[in-house]
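I opened this model to look up a helix, a strand and a few loop residues, and I kept notes as I went.

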Amino acid sequence: MERRIFLKSLAAAAGLLSCRSGFFAAPASDSRFLLVFLRGGYDAANILIPHGSDFYYQSRPTLAIAKPDPSNPHAALPVDANWGLHPSLKNSLWPLFQKGQAAFIPFAGTDDLSRSHFETQDSIEFGQPLSARDYRSGFLNRLAGVLSGSHGVAFTNDLPIICKGNAAIPNVSLKKPGKPVFADRQEALIAEMYRGHALNEYVQEGMQLREEVSQDLAQEMVQANRGAIQSKGFEAEAQRMATLMREKFNIGFVDVGGWDTHFNEGGAEGQLANKMGNLGNGLSVFANAMGPAWQKTVVVVISEFGRTFRENGNRGTDHGHGTVYWVLGGGIKGKRVLGEQLHVEQKNLFQDRDYPVLNDYRNILGGLFQTQFGLSAKQLQAVFPNAKPMQLGLL
């Protein structure tokens, strides 16, 4: 017990939860999955734009994105006759879509109707029916538990609900790679404290793992920059995530905050456009940095809910219900808008305010996991109890 407590304390201080069992060996499966959670409920209707709907333009007099027009740099990028992509994604996600490496699933989400950030986020992370939740584990932890030889990781400061459970999943904060967690003097004191102690081997191993990961990340950043100025936020973090997921992990999680746009949201330019541009750049960086492994990597971008279809009096949007999920990957059959859909008009809104949820997130992810990792029906039910997997033909 003493050894386990010390190792967890040391690893937490180093930003790395580890142990001797070799979490940093290469994963048994060469198929990789990363979940990107946009916390705050992003305005999906202004990212995958229903440009075929007159009601969209009536509902958003200051926020609406113009219909596709090659001569207008602020216009939506044409996905199909009904949908378009926000112009901030022109140089990042749009090229992936054109190569068939991105797809979108509108009218997606959960049956949680609270419109509460915290409650809906928890609901999604548990991945259990609202009527039969046991609160003991998150669905990525259960996925790691049913996959033989899997290695999961959360790129977060603290271990999120989605990764908690019986399977050992470390959380690694990558916001300041290469910076020593312990000063030399602190490290020397710890080493001296445990010299000759039964725990000395484990202490040294924990410090060495932290040092190796720190050095690897710092070297990767230097090589990738090639003299260019450093980017900030998610783009920089995406580069470092790829460093670890290429060789060490096959299930990953990262969350990106700041999507609660109640006022001054902006349209083709402004607050949402800037955030979405950074996110798109980060996803593009991640795809490129994965190298050949990108062909067997699937990235899914979700949010706890969408936002009200009509803009509010503050030129923003409020908490909604249905949203749009993204699926990215080098080997997916993308360049499509998938799942059950309705024409975007007032009569089809949920409670006359939001996108309805027609595609349950557990069924969407359950179908992906079943195909990507070859889950049996029993294994799938362990990950998502009572789910009915949707086979969207993405893999």
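The entries below follow the order in which I looked things up.

**Ground rules.** I am working from a predicted model, in which local features need pLDDT of at least 70 and side-chain atom pairs count only at pLDDT 80 or more, while totals for chains, interfaces and linings use all residues. Residues are numbered from 1 along each chain as its sequence is written, and side-chain values use heavy atoms, with hydrogens and water left out.

**Helix α8.** I took helices as DSSP runs of H or I with at least four residues and strands as runs of E with at least two, numbered from the N terminus. For its 14 residues that gives 20 Å, and the end C-alpha atoms are 20 Å apart, so the two agree. I then asked how many of the residues of α8 are buried. I counted a residue as buried under 20% relative accessible area, exposed over 50% and partly exposed in between, with a 1.4 Å probe and protein chains only. By that rule 11 of the 14 residues are buried and the helix is mostly covered; among them are F234, R240 and M245.

**Q239.** This residue sits in α8, and I list Q239 as buried because its relative accessibility is 15%. I also noted that Q239 and N288, although 49 residues apart in sequence, have C-alpha atoms 8.9 Å apart in space.

**Strand β8.** I found that 7 of the 7 residues of β8 (residues 297–303) are buried. In a regular strand the side chains alternate between the two faces of the sheet. In β8, T297, V299, V301 and S303 point one way, whereas V298, V300 and I302 point the other way, and all are buried.

**Partners of β8.** I called two strands paired if DSSP finds at least two bridges between them. Strand β1 (residues 32–38) runs parallel to β8 and is joined to it by 7 bridges, with L35 having V300 of β8 as its bridge partner. The pairing of β8 with β9 is antiparallel, over 3 bridges, and here V299 has L328 of β9 as its partner.

**Loop residues with positive phi.** K335 is not a glycine, yet I read a positive phi of about 60 degrees for it. K335 lies in the loop between β9 (323–328) and β10 (336–337), and at 48% relative accessibility it counts as partly exposed. Q351, also other than glycine, has a positive phi near 55 degrees, and I place Q351 in the loop between β10 and β11 (359–360).

Technical notes. The expected span of a helix is 1.5 Å times one less than its number of residues.
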